[in-house]
Amino acid sequence: MDAMAMRCLSSLPLLSPSGYRNARAVVRTHPANCAAARRRIRTHMSVATGGEQALTAQEQFQEPDYGVVSIHHVGILCENLERSIAFYQDILGLKVNLARPNDKLPYRGAWLWVGSEMIHLMELPNPDPLTGRPEHGGRDRHTCVAIKDVLKLKEIFDKAGISYTLSKSGRPAIFARDPDGNALEFTQV
């Protein structure tokens with residue numbers, strides 16, 4: 001065990017014998033989970049002693065125990081798969097991921113690369129109303145894609161006749177909707 005794990009265990013005698021064994025097992029098998037073990041220990045100590053133990057700023061912003069890596073894909077509903085692929089591929093320039101199986105699901109779909117992540121287009125009924133949505137996609141559910149040049153995308157939208165709004169905060173971002181009314185944000189990084 002590393003020094004951090006040993007420090008985690010230093011307060012364990014205040015716990016019940018089973019709590020001590022469980023926390024020790026967590027730290028022994030997953031030393032990276034030490035912060036989570038400390039939070040559990042402090043919770044047990046607080047309950048046992050009636051005292052509040054504040055977490056440090058570092059402890060509050062620890063990575064979740066289950067190991068978040070990134071967003072893998074975003075699912076977007078569409079009424080007509082071919083129309084949506086034309087928008088995402090021909091207008092936005094995304095490439096279809098041909099390695100993803102489309103015949104394994106009970107509906108039609110396509111996977112499109114967005115950097116190392118993907119958009120999963122799913123031809124399914126959309127439960128959301130298409131009318132009454134905010135004009136500015138930033139005030140609606142939206143998917144945000146990081147891009148290099150907002151002005152170039154603005155030119156593409158202008159040429160294709162696609163409606164858009166610019167970021168209300170003044171940062172370099174543009175909002176548009178796909179053919180099914182799904183809001184998309186493109187922010188310059």
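Predicted model: local features only at pLDDT ≥ 70, side-chain atom pairs only at ≥ 80, totals over all residues.
Reader: Let's start with charges. What makes a pair a salt bridge here, and how many salt bridges are there?

Author: You look for a side-chain nitrogen of Lys or Arg within 4 Å of a carboxyl oxygen of Asp or Glu. In this model that gives 9 salt bridges.

Reader: Okay, give me one. Which residue does Arg108 meet in a salt bridge?

Author: Glu123, with N to O at 2.8 Å. Arg108 sits in the loop between helix H5 (81-91) and strand S2 (109-114), while Glu123 belongs to strand S3 (residues 117-123), so to speak a link between distant parts of the chain, 15 residues apart.

Reader: And how do I read the accessibility of those two, Arg108 and Glu123?

Author: Buried means under 20% relative accessible area and exposed means over 50%, with partly exposed in between. Arg108 counts as partly exposed because its value is 37%. Glu123, at 22%, is partly exposed too.

Reader: Where does Asp140 come in, and what is its salt-bridge partner?

Author: Asp140 pairs with Arg177, and their closest N and O atoms are 2.9 Å apart. This pair also links distant parts of the chain: Asp140 is in the loop between S3 and strand S4 (142-147), and Arg177 is in strand S6 (residues 173-177), 37 residues away. Asp140 is buried at 14%, whereas Arg177 is partly exposed at 22%.

Reader: What about Arg171, which residue does it bridge to?

Author: Glu185, with 2.7 Å between the closest N and O atoms. Arg171 lies in the loop between strand S5 (164-166) and S6, and Glu185 lies in strand S7 (residues 183-188), so the bridge ties together parts 14 residues apart in sequence.

Reader: Zoom in on Phe157: which residues does it touch?

Author: Leaving out residues up to four places away in sequence, Phe157 touches Ile91, Leu92, Ile162, Tyr164, Ile174, Ala176 and Phe186.

Notes: Residues numbered from 1 in each chain as written. Heavy atoms only, no water. Helix = DSSP H or I, 4+ residues; strand = E, 2+ residues; numbered from the N terminus. Buried < 20%, exposed > 50% of the residue type's maximum accessible area, 1.4 Å probe, protein only. Contact = heavy atoms within 4.5 Å.
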